[in-house]
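Please open the model in your viewer and keep the selection panel at hand. The tour below goes from one selection to the next.

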Amino acid sequence: MRIAKTIELDERTERELRVLAKRRRVEARLQQRALVVLLAAQGWQNKDIAVEAGLDRRQVALWRQRFLDGGIDALRKDAPRAGRPATVTAQMESRIVHATLHERPVNATHWSTRTLAEHLGTGATTIRRVWHSHGLKPHLSRGFKLSSDPRFQDKLLDVVGLYMNPPEHALVLSCDEKSQIQALNRTQPGLPMKRGRAGTVTHDYKRHGTTTLFAALNTLDGSVISMCQPRHRHGEWLKFLRLIERRTPKHLSLHLIVDNYATHSHPDVQQWLARHPRFVMHFTPTSASWLNMVERFFRDITDKRIRRDSFTSVAELEMAIDLYVAHHNIDPKPFIWTASACDILAKVTRAKAALTAAAG
């Protein structure tokens, strides 16, 4: 009987494997392989790992050995199979990757499969396959901004600590304003969705005013305290704080996570907070709205209720918002924060290094 070799993991490798096993955007087969290695490192037998991971015992043994031979990189790729020889040479594949990452077309900001194929004298299907195998997506671009807050690390540790280890006998409320929500009325009725055609709305509209949504997301159960106001000055913020005061149990401390908007630290607000010591304010770093969990709720209400509808007045818009929040609170679902402060700081450090290298 063949005895499987013991797998020992260092802290860094184990952390990377756990990320691969749990992250949503990772391929299912890579998640399975990472899980196999993690369980093997814990001393599980192949037959038990096979049941847990949904694989055959021979597959478990295979990926254990692959990891021992080649580490995490060996889990990312399947072994070569018999079949027709590859038509793309390693030199051509390297040329495609280099051109994608380091060159630009003369008349555009990025390559398409056809423009790069024409430039290199190969086929568009070849370009597509190489991009897919290397995870390259030139057609996509996402925005980002690194915070320049000198107290970024302290504030990050404070906020993430509230999410992952909330204090006892207290509520953690993620608070913010979604300002300038427009009551837009489309100039013509939209066409309904039907087979082969998406629903449509006209590109033009009439404006009927704006409102500001104040929201406090309870990070424990996902319920929301909300209020709509025509503006978002410190006076409206004080009204919202009083609403939170009325809507929450009196015996609990309240930890509010807010951004650095000036109204949140106005002298009148500070005086009110001094008279209500159960309110404890926690500020996110500048340019770090992604750290405020209520932004996730704002995205949902925008996508699901506001963006594709038409409103003939501000009152109609505010009624739609209130109904959405009321329905949400019937069966709220909390957003689970999973990123540790150490992982975030490591990612920020890598981004700063990349920016420095690009600038140099």
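Predicted model: local features only at pLDDT ≥ 70, side-chain atom pairs only at ≥ 80, totals over all residues.

Residues are numbered from 1 along each chain as its sequence is written, and side-chain values use heavy atoms, with hydrogens and water left out.

Select residues 57–76, helix α4 (helices are DSSP runs of H or I, at least four residues, and strands are runs of E, at least two, numbered from the N terminus). Its 20 residues bring the end C-alpha atoms only 19 Å apart, short of the 28 Å that a straight helix would reach at 1.5 Å a residue, the expected span being 1.5 Å times one less than the number of residues.

Now show the side chains of Val-60, Trp-63, Arg-64 and Phe-67, which are among the buried residues of α4 (buried means under 20% relative accessible area, with a 1.4 Å probe and protein chains only). Their cover includes α1 (11–22), α2 (28–41) and α3 (46–53).

Move on to the largest nonpolar core, of 34 residues (buried Ala, Val, Leu, Ile, Met, Phe, Trp, Tyr and Cys residues joined through side-chain atoms within 4.5 Å). Leu-156, Val-160 and Phe-297 are among those with the most contacts inside this core. Helix α8 (152–164) is one of the elements that each supply at least two of its residues, and α8 gives the most, with six.

Note on methods
Buried < 20%, exposed > 50% of the residue type's maximum accessible area, 1.4 Å probe, protein only. Contact = heavy atoms within 4.5 Å.
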